[in-house]
Amino acid sequence: MTDYSVLSHLIALPNLATYLSFLPAKVGSRLIFYKNFISALNLVLFILILVYFALSQLAREYKIQNKLALAAKTNTELKNYAALSGHIAQNRERKRIARDIHDTVGHALTGIAAGIDAALVLIDIDPKATKKQLKQIQVVFQNGPI
């Protein structure tokens, strides 16, 4: 709006020089100076707005890049945590199975070994008791830990 040529497209206006020709030279030159100053100021403001917009876009992009980098880092940490949790769960399950095997099979084998020791002692003293003892060992072995 600082330049009459914008308005001349909408409304039929005479050239600015026509208006200035009616004024004294000193006043006309001042008006031309003011017109040129306002046009230059308008251009400078437009450039400053463009620079501000570009800088704000760069700052916004920088913030987005930082957030994406943080999300990627967090994602990597979560993957590592999930892998570590999986390994911990595997180790716990292995220990539980080992403990179960030790408790069931170990007790059954201990009982069988004690029964065989008793049968070895009884074989010379009482063969019937030895036979009974061996049958008990057989039952423990067949029904054993499972």
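This is a short walk through the structure above, from the whole chain down to a few residues. Keep in mind as you look around that the model is predicted.

Let's start with the overall plan. The chain has four helices and zero strands, and from the N terminus on, its elements follow the order α-α-α-α. With a radius of gyration of 50 Å, well over the 15 Å that the globule rule gives for 146 residues, the chain is more spread out than a compact globule. You can see this in the outline too: along the principal axes, the C-alpha atoms fill a box of roughly 150 × 25 × 10 Å.

Next, the surface and the interior. Buried residues account for 6% of the 146 residues in the chain. The chain exposes about 12,600 Å², and 68% of that area comes from carbon and sulfur atoms. As for charge, there are 17 positive and 9 negative side chains, with the centres of the two sets 17 Å apart. Turning to contacts with a separation of 6 or more, 34% of them are made by residues 24 or more positions apart.

Now follow the chain into helix α3, which covers residues 25-125 and holds Y81. Is Y81 buried or exposed? Its relative accessible area is 55%, and because the cut-off for exposed is over 50%, Y81 counts as exposed. For a sense of distance, pick out Y81 and V140: they are 59 residues apart in sequence, and their C-alpha atoms are 45 Å apart in space.

Helix α4 spans residues 127-143, and T130 is one of its residues. T130 has a relative accessibility of 3%; since buried means under 20%, T130 is classed as buried. What does T130 touch, if residues up to four places away in sequence are not counted? Its partners are A119, L122 and I123, and the side chain of T130 also has a polar atom 3.0 Å from the backbone oxygen of D126.

Q133 is found in helix α4 as well. At 18% relative accessibility, Q133 falls under the 20% cut-off and so is buried. Setting aside neighbours within four places in sequence, Q133 is in contact with G115, A118 and A119.

How values were computed: Residues numbered from 1 in each chain as written. Predicted model: local features only at pLDDT ≥ 70, side-chain atom pairs only at ≥ 80, totals over all residues. Heavy atoms only, no water. Helix = DSSP H or I, 4+ residues; strand = E, 2+ residues; numbered from the N terminus. Buried < 20%, exposed > 50% of the residue type's maximum accessible area, 1.4 Å probe, protein only. Polar contact = N/O pair within 3.5 Å; in protein donor to acceptor, adjacent residues only side chain to side chain. Contact = heavy atoms within 4.5 Å. Rg over C-alpha atoms; globule rule 2.2 N^0.38 Å. Areas by Shrake-Rupley, 256 points an atom, 1.4 Å probe, with all protein chains shown as cover. Lys, Arg positive; Asp, Glu negative; His and termini not counted. Charge placed at Lys NZ, Arg CZ, Asp CG, Glu CD.
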